[in-house]
Amino acid sequence: MTNRFASGNAALTLKVVGIILMMSFVLDFLILMFPFQPTDRGWQINLATAIVDRGIVPLVGIGMLFVGYWIDGVTDSDRPISLDIRFPVLVFSSVLGLIFLLIFPLHLNNVRQASTQNVEQIRQDAEQAENQLQNQLSQFQAQINNEQGKAQLEQLRNQARNQFTELLKNEETYKQALNNPQLPAAQKELLKKFKENPQELEKFIAQQTDPQAQATQRLTQIRQRREQAQKQAKDVAWKSGLRIGISSLLLSIGYMIIGWTGLRSMGVLQGSKRKVAAR
């Protein structure tokens, strides 16, 4: 008597937990649908990702529900089951299998198109930055082509030269700069190079005040950032498509096997086949 009571309690617990898991998934699905934007590719990608990430929840619920019914059948096979919801649950499982099967190609296509769009947007932004840089270079070159601009540029070079020269001549200040932990290592190497060879200082000042050299350096940085951003966008899209796509396909197979096998064992699919054969 005690064993039968414990078995019945365990079966009821499994059924209740299974039903709650399935209902929580349906509730999450309905909440994720809002705001409803079926034409928005980003909304479709986010919805598919959220659904697939939660896709294992109803699968566990279905398993627990059927284990509960199995315990009922083993412990008290003569007692009829008061409320049998296995048929709608099997239909629910079959529907989920079809949904996850549809998500598989749709998500891959959406991710591919979104990745292409992101890469194109990155290219356009980089091209716009390059055009702005070229315009700034043209304006700056026009300003320094006159005598006033040349004088200002030469004054800027003299100021930089005097600052470095004073620093390198004063040994105490020079050593303090080398021992300063906040000063980057690259700048310390430059100071050592200037100390050993003053001609390197002249080359550095000329390069730093050359608008064409600065524009070329910035142009190289823009193109490097563009390549890195495009590669990152492709990698993120590839990983998302692969993870969600394979997970969706596996969930689809699992739900279809459970749903169709269960319906066939209940004679639902076999009955429909006999009707078709009779016609």
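What follows is a walk through this model, starting with how it was treated.

This is a predicted model, so please keep the cut-offs in mind: local features need pLDDT of at least 70, side-chain atom pairs count only at pLDDT 80 or more, and totals for chains, interfaces and linings use all residues. Residues are numbered from 1 along each chain as its sequence is written, and side-chain values use heavy atoms, with hydrogens and water left out.

Overall picture, then. The protein chain has 10 helices and 0 strands. Helices here are DSSP runs of H or I with at least four residues, strands are runs of E with at least two, and both are numbered from the N terminus. Of the 279 residues in the protein chain, 28% are buried. Buried means under 20% relative accessible area, exposed means over 50%, and partly exposed is in between, with a 1.4 Å probe and protein chains only. Among contacts in the protein chain with a separation of 6 or more, 76% come from residues 24 or more positions apart; a contact means heavy atoms within 4.5 Å. The accessible area of the protein chain is about 18,600 Å², and carbon and sulfur atoms supply 58% of it. Areas come from the Shrake-Rupley method with a 1.4 Å probe, and for residues only the protein chains shown count as cover.

Proline 35 sits in the loop between helix H1 (2–32) and helix H2 (41–53). The peptide bond from phenylalanine 34 to proline 35 is cis, with omega near 0°. For context, most peptide bonds are trans. Aspartate 28 makes a salt bridge with arginine 54, with the closest N and O atoms 3.7 Å apart. The criterion is a side-chain nitrogen of Lys or Arg within 4 Å of a carboxyl oxygen of Asp or Glu. Aspartate 28 lies in helix H1 and arginine 54 in the loop between H2 and helix H3 (56–75), so the pair ties together parts that are 26 residues apart in sequence.

How many aromatic pairs does a search of the whole structure find? It finds 2. Rings of Phe, Tyr and Trp (its six-membered ring) pair if their centres lie within 6.5 Å; planes under 30 degrees apart are stacked, over 60 edge-to-face, and the rest tilted. Phenylalanine 36 and tryptophan 43 are edge-to-face, at 5.5 Å centre to centre and 80° between the planes. Phenylalanine 36 is exposed, at 51% relative accessible area, whereas tryptophan 43 is buried at 13%. Phenylalanine 100 and tyrosine 255 are stacked, at 5.6 Å centre to centre and 5° between the planes. Phenylalanine 100 is in helix H4 (residues 86–144) and tyrosine 255 in helix H9, so this pair ties together parts 155 residues apart in sequence. Phenylalanine 100 is buried at 0% relative accessibility, and tyrosine 255 is buried at 0%.

Serine 94 is also in helix H4, and it is buried, with 8% relative accessible area. Leaving aside neighbours within four places in sequence, serine 94 contacts Tyr255, Gly259, Trp260 and Leu263.

On to the salt bridges, of which the structure holds 6. Glutamate 130 and arginine 223 meet in one of them, at 3.3 Å, N to O. Glutamate 130 lies in helix H4 and arginine 223 in helix H9, so the pair ties together parts 93 residues apart in sequence. Glutamate 130 is buried at 14% relative accessibility, while arginine 223 is partly exposed at 39%. Separately, salt bridges that share partners join Glu120, Arg123 and Glu127 into one network. Within it, glutamate 120 and arginine 123 have their closest N and O atoms 2.6 Å apart. Both residues lie in helix H4, 3 residues apart, about one turn of the helix.

Last, helix H9. Methionine 266 lies in the loop between H9 and helix H10 (268–278). Methionine 266 is partly exposed, at 42% relative accessible area. Leaving aside neighbours within four places in sequence, methionine 266 contacts Phe87 and Leu90.
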